[in-house]
Amino acid sequence: MKGHTRRRGTGWAYVVDLGPDPATGKRRQEWKSGFESEKAADQALRTRLGQVDRGEAVSRSTQTLAQYLIDEWLPSRRSKVRASTWASYADALTGRVVPRIGAVKLTALTPRHVSELYDALLVDGGRDPRRSPGLSARTVRYTGLVLGRALEDAVKLGLLARNPVSAVEKPRPRDVEMRAWSADEARQFLAHVADERLRALWVLYLTSGLRRGEALGLRWADIDLDAGRLAVRRTLVAVGYSVQWSEPKTERSRRVVALDAGTVTELRAHRVSQLEERLKIGPDSRDDDLVFASVDGSPLHPQHISTTFERHQRDAGLRRIRLHDLRHTAATLHLSEGVALKIVSERLGHSSVAITADLYQHATEHMQSDAAERLGATLLGTS
């Protein structure tokens, strides 16, 4: 890093050359005036150059953290990530970070600010204090990850010397308990929704293990009922109160899933009922070729489906699980029926078999025990 002193008015100043801006290529300089002598300016310059060399500061910009996050970083990410991902970034930064430490100058941000942010969110960061005075460790951790990613980009742009988030330990979330229904509980649920308009949707969740948005994004063009299979090509996601089409979660999520004969029968019956609904509505009916839609043909909001599931399981008197746990139920029941781990992984759209094995370790351990007993019975005559 280079610098020099020079006359400025009746006093002296120093100038530090900060190098070109990585984003624009323009030359950046830092000026400091008000020294009575060249010697004083030179001493200050040496101190400043030492700070830069040690990475203590890069710029004396008055830009606040809020200005950087809201005016620069979030807009720069909008075209680079999925709409739902961008919305989660915006929610974390505008709803949790900016109200607490947004007024701090970007260059003045320290690990202590970040640590105090985490503490505040854990203690009183809940949006509704009457229900939950603080946020979960998982939510606070995610907030830190987003903030850290934004500040890492600031470092790359030369706006910061180092990322203060990297110096602070993030809260450790407790593992979310993965719950799954037994086969009897799943049958009880299906019996409860026997006459429900979206019965085929609940059947599909339990037999295929599709994610919530994957099922809601299905078109009839994605399903071959004669061949008994469907293709996951897109997903329906909630972005705030609106819904948007998005790409599948990973490349492996874009997959073909085989359907059993019972599920095919349910989908055929659902198709007939849907066409009857459209005939009753007439020309005002919307036709987006959606397998599961509102009566008028418009997309179903994912949160509405989760809320409906909560109501159905409560009315059925069943053990409470999340809608996503229907996916876990499908996987666990597949494994308990002896379906190979690789096949289950492919049906779920996991990026690797290792992820499936880790998630369903409890089921695979039980399968190992059964396999050991069967082999022992065959070879040793034990039972």
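A residue is termed buried when its relative accessible area is under 20%, exposed over 50%, and partly exposed in between, with a 1.4 Å probe and protein chains only. The structure is a predicted model, in which local features need pLDDT of at least 70, side-chain atom pairs count only at pLDDT 80 or more, and totals for chains, interfaces and linings use all residues. Residues are numbered from 1 along each chain as its sequence is written, and side-chain values use heavy atoms, with hydrogens and water left out.

Helices (DSSP runs of H or I, at least four residues) and strands (runs of E, at least two) are numbered from the N terminus. Of the 5 residues of β6, 4 are buried, so this strand is largely enclosed by the rest of the structure. Strand β6 pairs with β7 (residues 242-246) in the antiparallel sense over 5 bridges, pairing being assigned where DSSP finds at least two bridges between two strands. Within this pairing, Ala238 lies opposite Val243 of β7.

Strand β6 (235-239) is also among the elements against which the buried residues of α3 pack, together with α2 (65-77), α4 (111-124) and α5 (137-156). The buried residues of α3 include Trp86, Tyr89, Leu93 and Ile101.

A separate description applies to the open sheet of 3 strands, which has the order β4-β5-β8 with antiparallel pairing. Its edge strands, β4 (223-224) and β8 (256-258), each pair on one side only. Strand β5 (residues 229-231) pairs with β8 over 3 bridges, and Leu230 has Val257 in β8 as its bridge partner.

Notes. Contact means heavy atoms within 4.5 Å.
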